[in-house]
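Here is a briefing on salt bridges, a chain interface and a surface patch. Please look at the model first, then read the points below.

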Amino acid sequence: MTFGDCTRVAAGALLRYPLRTAMMLLATAIGVAAVLVLTALGEAARSFVTDEFRALGTHLLVVLPGKTETTGMGPGLMAGESPRDLTLDDARAVLRSRAVARVAPLVVGAATVSFGGLERDITVMGTTAAMVEIRQWRMATGEFLRDQDWDRASPECVLGDTLRRELFAGLQPVGHWLRVGDRRCRVAGVLAPQGMSIMANVDELVLMPVAAAQQLLNVPGLFRLLIQATGRETVAGAQRDVVRILKERHRGQEDVTVITQDAVLTTFDGIFGALTAALAGIAAVSLVVAGVLIMNVMLVAVSQRTAEIGLLKALGASRRQVTRLFLTEAMILAACGALAGLVLGYAALVLMRALYPDLAFEPPGWALAGACLVALGCGVGFGILPARRAARLDPIAALAGR
Amino acid sequence: MAMIRLEALGRTFEVGGQQVRALDQVDLTIEAGEYLSIMGPSGSGKSTLLNVLGLLDTPSVGAYWLDGVNTSTMGDDQLAATRQAQIGFVFQSFHLVPRMTAAENVELPMLLAGIGGAERRERAHRSLAGVGLADRADHRPAQLSGGERQRVAIARAIVMQPRLLLADEPTGNLDTGSGAEIVRIMETLNERGLTLIVVTHDLQIGERARRRLRLRDGRVVEDLRAAQA
């Protein structure tokens, strides 16, 4: 019996029961589509988060006061309690390392900003001119904070895009004076829209010189140091230097935590990779359920077609041939189901991309291949039992319809 | 050498914890080209004997020699291959595959034997023409009368050019006219050298055979040979 003949006979048998065949195809298709859609979701989440982190800049190190024993998103990153503050002098000292290209000290706090009759609660970020280069922010109009002595609390500020819209609707903000808390400052420039970032929504920030922000918020220490290494390969050296320099300055106590962007990226990559794998696993369960359904229906098919099986045996079909015929049926179901599932899954992805154009819904290759392999595997695995049962049927009993 | 030789052959079934002897001490020799009918009351073992002869059933004791080969030495695949090449079956209820046309039904044994498509179609057509159904090749069983269905079954049984044709109540589901037609076709095949064994209840059909076997309780109680005409 040639492959083509076997396939034709099996397909003919399937077409005899169109509704039943369609149901089994649908079950498999839903399973495959579920794998595609769920892994695409996981991948979209992963690439969204890692892209956000990458958008922070390149070769970044974050220094936070206080020592945490874990890396990544430890409690320190949120709270940052410290026995000893990070100071502007610490920030200057870090620049001594040859592996460090730029340093931006950060102070963050809440304040009220007002212009004309409008008032808004916002986040103030005190920093220096280096920040715009480290974060690779683009300006919409005007200038960023001037490169000046870090201790000068000059009365100037830079606005995020949302604030510009809400406070200066239609007006050109550069040159106007704002009230931020109890201080006045002149708008030096406006950032182009940056969107959400891991640190904060940049569009809703008011940026001012670090010394001005310290006075405004009444904080002596720094919230973070944002450090840019000279290159990818110097990140580790920069981290060692920063820890050594700050330890020296803090009387031999290592009371800061240095997080590299790569470590954070790797952590998030790992977390979201695991999430995607878990989603794929859940979806694979639905594929296995589809496989069980195929087995169940094939068993019914075998008992419905005993006379046909008996006849095949009387006509000289070997056990192997009968097994092959029924396995081929299961394989055709699984293969067509997988194909339908790919179509269904990609249709769903097109829809999702249309609804959320910002997210990259793209199922990973392994999920694509895995879903099809699991579907085919289920076809074979769950097809074997019914096929064996068919092959073992006693031809006499089968012909008698018993 | 005899084509078929049964030696002290027995076949027992277990029914409800009791041993039932469907065949008991059967000794039988059948030469190639014979025309044999097997008759007897229900439960006398005639169908079991036919199944054993057709290699669908295996004897519990004794030996079955087919063309000098002891069939008990054959494995499952070899039995299937022998059925395919040597034996054709005709059943009371035709056993055509309903989703296939007459031609496809006739092609089925050739398909299992791995014969190519062009040759299959050619031989199926010839075989159908041989039973007078050349114009019905593309009809499905549901579109055919009972007599026509049985003729398709005969075309299928002989398409592999077997040496032995086994018919189990071939006219049981047919009216007298169609039944007579089926018997005539099979007798024509026998005249061309095919060994024909017919199990039947119908005395009229059974007595047409040159050799008549009567079974009772699993034993051969009568083995009559008609004088050569």
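Glu308(A) forms a salt bridge with Arg99(B), and their closest N and O atoms are 3.1 Å apart. A salt bridge here is a side-chain nitrogen of Lys or Arg within 4 Å of a carboxyl oxygen of Asp or Glu. The rule finds four salt bridges across the interface of chain A and chain B. This is a predicted model: local features need pLDDT of at least 70, side-chain atom pairs count only at pLDDT 80 or more, and totals for chains, interfaces and linings use all residues. Residues are numbered from 1 along each chain as its sequence is written, chains are lettered from A and ligands numbered from 1 in the order in which they are written, and side-chain values use heavy atoms, with hydrogens and water left out.

**Interface of chain A and chain B**

- Eight residue pairs across the interface are in polar contact, both residues being at pLDDT 80 or more. A polar contact is a pair of N or O atoms within 3.5 Å; within protein, one must be able to donate a hydrogen and the other to accept it, and residues adjacent in sequence count only if both atoms are side-chain atoms.
- On the side of chain A that touches chain B, helix H1 (3–16), helix H10 (306–314), H11 and helix H13 (395–399) each supply at least two residues. Helices (H or I, at least four residues) and strands (E, at least two) are DSSP runs, numbered from the N terminus.
- Contact (heavy atoms within 4.5 Å) links 24 residues of chain A with 23 residues of chain B.
- About 2,100 Å² is buried between the two chains, and carbon and sulfur atoms give 62% of that area. Buried area is the accessible area (1.4 Å probe) that two parts lose on being put together, summed over both.
- Within chain A, Leu311(A), Leu315(A) and Ile396(A) lose the most area to chain B, together 26% of what that side buries.

**Salt bridges within chain B**

- Over all chains, the count comes to 39 salt bridges.
- Asp24(B) pairs with Arg219(B) in a salt bridge, with closest N and O atoms 3.2 Å apart. Asp24(B) lies in strand S2 (residues 18–30) and Arg219(B) in strand S10 (residues 219–225), so the pair ties together parts that are 195 residues apart in sequence.
- Asp24(B) is buried at 13% relative accessibility, while Arg219(B) is partly exposed at 42%. Buried means under 20% relative accessible area, exposed over 50%, partly exposed in between (1.4 Å probe, protein chains only).
- Glu34(B) forms a salt bridge with Arg211(B), at 3.1 Å between the closest N and O atoms. Glu34(B) sits in the loop between S2 and strand S3 (35–39) and Arg211(B) in strand S9 (residues 211–216), so this pair ties together parts 177 residues apart in sequence.
- Glu34(B) is buried at 12% relative accessibility. Arg211(B) is also buried, at 3%.
- Glu34(B) forms a salt bridge with Arg225(B) too, at 3.7 Å between the closest N and O atoms. Arg225(B) is exposed, with a relative accessible area of 55%.

**A network with shared partners**

- Salt bridges that share partners join Asp5(A), Arg8(A), Glu107(B) and Arg120(B) into one network.

**Nonpolar patch on chain A**

- Leu19(A), Met23(A), Leu26(A), Ile30(A) and Leu344(A) make a nonpolar surface patch of about 500 Å².
- Patches are made of residues with over 30% relative accessible area and no salt bridge; like charges are joined within 9 Å, nonpolar side chains (Val, Leu, Ile, Met, Phe, Trp, Tyr) within 5 Å.
- Helix H2 (residues 18–54) gives the most to the patch, with four residues.
- Leu344(A) is found in helix H11 (residues 319–355) and is partly exposed at 43%.

Key: Accessible areas come from the Shrake-Rupley method with a 1.4 Å probe; for residues, only the protein chains shown count as cover.
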